[in-house]
Amino acid sequence: MKSGHTGFVMAVPQGLRLASVLLLVSSGLHCSSSLPACPTSCSCQRASLLNCSSAGLSSVPNHIYDSVIGLDLSNNLFSSVTLHRPHHKLRSLWLGNNTIPHLSLCIERNLEGRHLRGRRRLRPWSRLGCVTWAPTLQLLSVERNQLEKLPEGLESIDSLEVLQLSFNRISTLQPADFSPLRQLKELHLQHNLITSLHPQMFQDLVQLKVLDLSFNMMTSLHPHMYLTLRNIGADVRLGGNRWQCDCSLRSLRRRMVYDSTRGLQAWNMVCASPSILSGQDLLQLAEDDLNCFSGENSPELHQDVTVYSGSEILLSCSAEGNTVQIM
Ligand SMILES: *[C@@H]1O[C@H](CO)[C@@H](O)[C@H](O)[C@H]1NC(C)=O
Ligand SMILES: *[C@@H]1O[C@H](CO)[C@@H](O)[C@H](O)[C@H]1NC(C)=O
């Protein structure tokens, strides 16, 4: 189609061709992909990169041209960002330092997708349900915003290699959230409010090289998760979480100790509780240190009972490892 058009222009007399080019430039709105107009406040030094960083914008410029490969909208005042048609060349999108509470990568959602059989039913934004405006995205950076959830339609973007979501307010992740992102190499989720991870959550991400989950609210980690990520060989960052070093981490600790004696990467899990172990590295502890009796950390096992001196009480001690402390 493009070459046909050029052929047509070549065939008209010289004067006429000049007139048609001038018309395209002056109208601006009708710019073809070979003559992109640069939106005001943005810079287009390289044709492929539209840079609207720190431009004081609160809404996305209207004329995002089709040939754009990189779009930098960081450091603005956006509370939402959406494009209205698919941009098939867009590879990198920067949205950091805005105030976006909810990001949708879908132009529209086919709600029929909700009623598909099987596990799709659990995922309202199933692949079929989302027509995305960024079908070929490789880098998505939304750090330092106000996201409470992962971007909607994320699973439609299976070309994604780097996902940067640090410094948001994301608290829950669903088991299959990342499964379709088979190309994912870097996942940055540090400084969010994540409390737990499903054991199988990252098992399909065989390309994963960096997984940053530091400074979240996690208290425990399933040994299956450990094995998966260790086998993939990802660089996993877990510092600054709320690791609760009780009996539930015994099996994990055993595997980690075994691996560290074989020289494999240590994950540096530092205990936050119980207070007696706070600040200690899980690997440095002995199995006997990881107990489940402290009232402070196991509210479900902790019970205050007031008795009068001289009276008899009956306490149930059925759970393994339970201890009764009389104070
Ligand atoms: C956009 O411009 C800013 C300021 O000039 C610069 O710091 C930033 O690196 C540019 N973005 C990209 C993706 O090159
Ligand atoms: C966001 O702002 C912080 C602090 O002002 C700065 O350090 C960081 O580089 C900015 N991020 C981006 C993507 O520009």
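Cys-42 and Cys-52 are joined by a disulfide with an S to S distance of 2.2 Å, a disulfide being a pair of cysteine sulfur atoms within 2.5 Å. This pair links distant parts of the chain, since Cys-42 sits in the loop between helix H2 (14-27) and strand S1 (49-51), while Cys-52 sits in the loop between S1 and strand S2 (70-72), 10 residues apart. The torsion about the S-S bond of Cys-42 and Cys-52 is about 105 degrees, so the disulfide is right-handed. Cys-42 is buried, with a relative accessible area of 13%, and Cys-52 is likewise buried, at 0%; here buried means under 20% relative accessible area, exposed over 50%, and partly exposed in between, with a 1.4 Å probe and protein chains only.

The model is predicted, so local features need pLDDT of at least 70 and side-chain atom pairs count only at pLDDT 80 or more, whereas totals for chains, interfaces and linings use all residues. Residues are numbered from 1 along each chain as its sequence is written, chains are lettered from A and ligands numbered from 1 in the order in which they are written, and side-chain values use heavy atoms, with hydrogens and water left out.

**Other disulfides**

The structure holds 5 disulfides, and when the bonded cysteines of the chain are numbered in sequence order, the pairing reads 1-3, 2-4, 5-6, 7-9, 8-10. Three of these bonds, including the one described above, are set out in the table.

| Pair | S to S distance | S-S torsion |
|---|---|---|
| Cys-38 and Cys-44 | 2.0 Å | about 85 degrees |
| Cys-42 and Cys-52 | 2.2 Å | about 105 degrees |
| Cys-106 and Cys-130 | 2.2 Å | about -115 degrees |

The torsion for Cys-38 and Cys-44 makes that disulfide right-handed. Cys-38 is partly exposed, with a relative accessible area of 36%, and Cys-44 is also partly exposed, at 25%.

The disulfide of Cys-106 and Cys-130 is left-handed. The bond links distant parts of the chain, with Cys-106 in strand S4 (residues 106-109) and Cys-130 in strand S5 (residues 130-132), 24 residues apart. Cys-106 and Cys-130 are both buried.

**Ligand 1**

Around ligand 1 stand Leu-49, Asn-51, Asp-72 and Trp-94, each counted as near because one of its heavy atoms lies within 4 Å of the ligand. These shell residues divide into 2 nonpolar, 1 polar and 1 charged. An oxygen atom of ligand 1 lies 2.3 Å from a polar side-chain atom of Asn-51, and a nitrogen atom of the ligand is 2.8 Å from an N or O atom in the side chain of Asp-72. Taken alone, ligand 1 exposes 350 Å², of which the protein buries 41%.

**The chain as a whole**

The chain contains 4 helices and 10 strands, where helices (H or I, at least four residues) and strands (E, at least two) are DSSP runs numbered from the N terminus. Along the sequence these elements follow the pattern α-α-β-β-β-β-β-β-β-β-β-α-β-α. Of the 327 residues in the chain, 38% are buried. Among contacts with a separation of 6 or more, 51% come from residues 24 or more positions apart, a contact meaning heavy atoms within 4.5 Å. The chain exposes about 18,500 Å², and carbon and sulfur atoms supply 52% of that area, with accessible areas taken from the Shrake-Rupley method with a 1.4 Å probe.

Terms used. A polar contact is a pair of N or O atoms within 3.5 Å; within protein, one must be able to donate a hydrogen and the other to accept it, and residues adjacent in sequence count only if both atoms are side-chain atoms. Ala, Val, Leu, Ile, Met, Phe, Trp, Tyr, Cys and Pro count as nonpolar, Asp, Glu, Lys and Arg as charged, and the others, Gly among them, as polar.
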